[in-house]
Amino acid sequence: MTTFLLIIHTLVAVALLGSLTHQAVAACWPSASKAGFVASYRSVSAARFTNVNIALYVTMLVLGGVIYPAYRVGVRTYLESARLYSSVGYFEMKEQFVTIGLGLLPLFWLLWRQPLEKDLQFARAATTFLLCFIVWFSFIVGHLLVNVRGLFGL
Amino acid sequence: MKIERAFPLFAAAFAVIYVIAVEYNLALVTYHPKLKEWGFLTEQPKAGGPAMYWYGWILTATLGAGVVSLAALPILPRLKSFVWIGWVIPLLVMASFLYFLRTFFLH
């Protein structure tokens with residue numbers, strides 16, 4: 001069951017990565033033109049991604065919370081016995097960053113509420129970029145931890 | 001009085017209360033994963049297994065930030081003038097975690 005939930009957790013994270021990156025790029029580097037792939041990527045209606053991104057973030061966090069005990073009992077003790085303290089540290093960092101992102105979600109929703117307020121454009125881009133960073137960091141750390149035995153030849 | 005005016009303050013208060021909760025271990029609940037047992041407030045590990053405080057820290061931060069936001073709602077200035085605290089304070093708290101977690105990387 002834990003493996004199944006871990007896979008769902010990963011798939012939700014992949015969807016969130018794509019969706020939030022799209023929104024962050026459109027917020028930080030907007031484009032009015034749709035000429036070419038990059039300009040099209042930048043010119044999406046970023047506000048439409050907001051509710052889906054919030055739902056995916058909360059889903060990802062809840063699933064992570066459900067499978068966390070398995071990590072705490074089975075994986076972390078193993079990492080500590082293998083003296084892979086930096087791996088434990090990166091997971092701790094991921095845990096804290098993701099939680100801070102949870103507290104950002106109401107503000108994220110407010111900043112993207114339609115009609116968009118022009119005065120809040122910088123705060124909107126900064127908040128979206130921060131959430132995007134949290135999700136990318138967490139995804140990379142999670143991915144490395146899943147593969148830690150192979151990566152460290154254990 | 002619109003509650004969403006307090007969202008920047010909520011984000012800032014959540015981050016600050018969360019880092020305090022983590023550093024001083026102020027968890028509203030504790031989970032003992034080996035026993036599959038919940039406890040109220042911060043409890044010591046039981047039966048040779050670890051104790052998990054993360055759920056409790058989230059509850060502490062959510063409740064604390066909610067109370068701070070509601071209490072400050074009547075005196076909050078216009079949204080645009082202080083919206084920056086909603087992302088700057090969490091960013092600073094994230095940076096502070098790099099310091100607090102440094103011991104993991106100094107072995």
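Predicted model: local features only at pLDDT ≥ 70, side-chain atom pairs only at ≥ 80, totals over all residues.
A residue is called buried when its relative accessible area is under 20%, exposed when over 50%, and partly exposed in between (1.4 Å probe, protein chains only). At 1% relative accessibility, B:His32 therefore counts as buried.

Residues are numbered from 1 along each chain as its sequence is written, chains are lettered from A in the order in which they are written, and side-chain values use heavy atoms, leaving out hydrogens and water.

Let's turn to where the chains meet. Here 34 residues of chain B are in contact (heavy atoms within 4.5 Å) with 38 residues of chain A. The area buried between them is about 3200 Å², and carbon and sulfur atoms give 83% of that area. Buried area is the accessible area (1.4 Å probe) that two parts lose on being put together, summed over both. B:Trp54, B:Trp87 and B:Met94 supply 21% of what chain B buries against chain A, more than any other three residues.

A salt bridge puts a side-chain nitrogen of Lys or Arg within 4 Å of a carboxyl oxygen of Asp or Glu. A polar contact is a pair of N or O atoms within 3.5 Å; within protein, one must be able to donate a hydrogen and the other to accept it, and residues adjacent in sequence count only if both atoms are side-chain atoms.

| Pair | Type | Distance |
|---|---|---|
| A:Arg113 and B:Glu4 | salt bridge | 2.7 Å |
| B:His32 and B:Glu43 | polar contact | 2.8 Å |
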